[in-house]
Amino acid sequence: MQSDQLTELILALEMIKGVGPKTVLKFFDTVKPQMILDNFRNMHRNTVINKRINEGVLDYQEWKNLLEKAHELLEKSKSLGMTVLNYQDDDYPDNLRSLNHYPLIIYVKGNVKALQGPSVGFIGTRRPTELGYKMSERMAYQFAKDGLTVVSGLSVGTNTAAHRGALEAGGTTVAILGQSLEQPIYPKENVGLAQEIIDNGGAIMSTYSLGAIVRRQFLAARDEWESGLADGLVVVETDQNGKTESALQHAFKQGRPVGMLDHSQCPKIEDATKIEQAIGNQEFISKKRAMALWDKESLRDFEQVMAKSREEFLKKSKRHKRLAQIRLF
């Protein structure tokens, strides 16, 4: 089966109410994708889809319409300068495919190769302290100098500093968005930054197809892929009450190493526990759930931990791809 055929099939299946990535993969366990395209009767072999057929929501003509819509969606996405990757494409990021749950389709503008290779994710509050902003920029700069791609979410504050630091180092950075890629860049303050990222060999990525405007729940869902795309996650500042905490929990579930800025090592700070944005940092570091990051030595130590974990992620990704190929063929 051709790559575009598989992409269109997945897109069409996910247009059916109640059908998501897990349902699609379970379907492929039962019926080879080509058999689904060849004979509508095979659609009955999935419980969720069969329910839609019996309810009269999906019939042969409607299924043909969905396939046509999927084809149009793929072609329009390409015409708008996007690369559309399905989970079996060689350029699909290995780190994402290593997860137990991953998007079957992603949309990319810029250099798709930037989504592969050693990488480090950056998250943190949109209202960092002055120290937090500067250290986000400096740490991203150092990681980029060391050859790692910096992954973040293009938000103002910590994310912006991380992207900027990577660019200043002449490195590569990737921004993951909570909207489809043909929509105006959000936040609007970072329209120029998004273009800089692309112009300097990086990429912007989304899991949302055309027409998806930015929404709070989309931004929250994006957090899962920020850590999932990276070998490890740097938490610059978290008070444990914001969106940073949500992204951090995704990293723990995914088994990603976590490093946190250690404010207590700053000689100008007497008590780091009294800094609102650093409360979470100090707690996770003290409980040894995160590595303390401050100087170059600590960053290099974190790089070694990420490199070791990356070996395991790649093994898992290869297993997932091999199993998926068995499903397909």
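Colleague: Starting with terms: exposed means over 50% relative accessible area, buried means under 20%, and partly exposed is in between. On that scale, is K288 buried or exposed?

Modeller: This is a predicted model, so keep that in mind throughout. K288 has a relative accessible area of 76%, so it counts as exposed. You'll find K288 in the loop between α12 and β9 (291-293).

Colleague: Is L154 buried or exposed?

Modeller: Buried, because its relative accessibility is 0%.

Colleague: OK, and what about A307? Where does it sit?

Modeller: A307 belongs to helix α13, which covers residues 296-328. Its relative accessibility is 42%, so A307 counts as partly exposed. From A307 to L154 you go 153 residues in sequence and 25 Å in space, C-alpha to C-alpha.

Colleague: Let's do the core. Which residues have the most contacts inside the largest nonpolar one?

Modeller: They are L13, I16, F28, M43, I49, W63 and Y87, in a core of 58 residues. Helix α1, residues 3-14, is the biggest contributor to that core, giving six residues.

Colleague: What does W63 touch?

Modeller: Leaving out residues up to four places away in sequence, W63 touches L9, A12, L13, I16, I36, F40, M43 and L58. Apart from that core there's another one, with 19 residues that include M139, V150, V236 and F302. As a general point, nonpolar side chains in soluble globular proteins tend to be buried together.

Colleague: How does α1 pack on α5?

Modeller: The angle between α1 and helix α5 (residues 60-79) is about 120°, and their axes are 8 Å apart. The two helices are therefore oblique to each other, and α1 passes α5 in a right-handed crossing.

Colleague: Switching to α8. How many of its residues are buried?

Modeller: Nine of its eleven, so α8 is mostly covered. The buried ones are T158, N159, T160, A161, A162, H163, G165, A166 and L167.

Colleague: What do the buried residues of α8 pack against?

Modeller: They pack against β3 (119-123), α7 (130-145), β4 (149-152), β5 (173-176) and α9. After α8 comes G170, with a positive phi near 75°.

Colleague: Tell me about that α9 partner. What angle does α8 make with it?

Modeller: About 35°, with the axes of α8 (residues 158-168) and α9 (residues 191-199) 11 Å apart. Their crossing is left-handed. T160, H163, R164 and L167 from α8 make the contact with L193, E196 and I197 from α9. That splits into three nonpolar, two polar and two charged residues.

Colleague: Where's the cis peptide bond that involves P187?

Modeller: Between Y186 and P187, with omega near 0°. P187 is in the loop between β5 and α9.

Colleague: Last one: is Q282 buried or exposed?

Modeller: Buried, because its relative accessible area is 14% and the cut-off is under 20%. Q282 is in helix α12, residues 279-286. Not counting residues up to four places away in sequence, Q282 touches L261, D262, H263, S264, A272 and T273.

How values were computed:
Residues numbered from 1 in each chain as written. Predicted model: local features only at pLDDT ≥ 70, side-chain atom pairs only at ≥ 80, totals over all residues. Heavy atoms only, no water. Core = buried A, V, L, I, M, F, W, Y, C linked by side-chain atoms within 4.5 Å. Buried < 20%, exposed > 50% of the residue type's maximum accessible area, 1.4 Å probe, protein only. Helix = DSSP H or I, 4+ residues; strand = E, 2+ residues; numbered from the N terminus. Contact = heavy atoms within 4.5 Å. Axes fitted to C-alpha atoms, helices over the stretch in contact; angles between N-to-C directions. Parallel < 35°, antiparallel > 145°, perpendicular 65-115°, else oblique. Left-handed = near helix turned anticlockwise from the far one by under 90°. Nonpolar A, V, L, I, M, F, W, Y, C, P; charged D, E, K, R; others polar.
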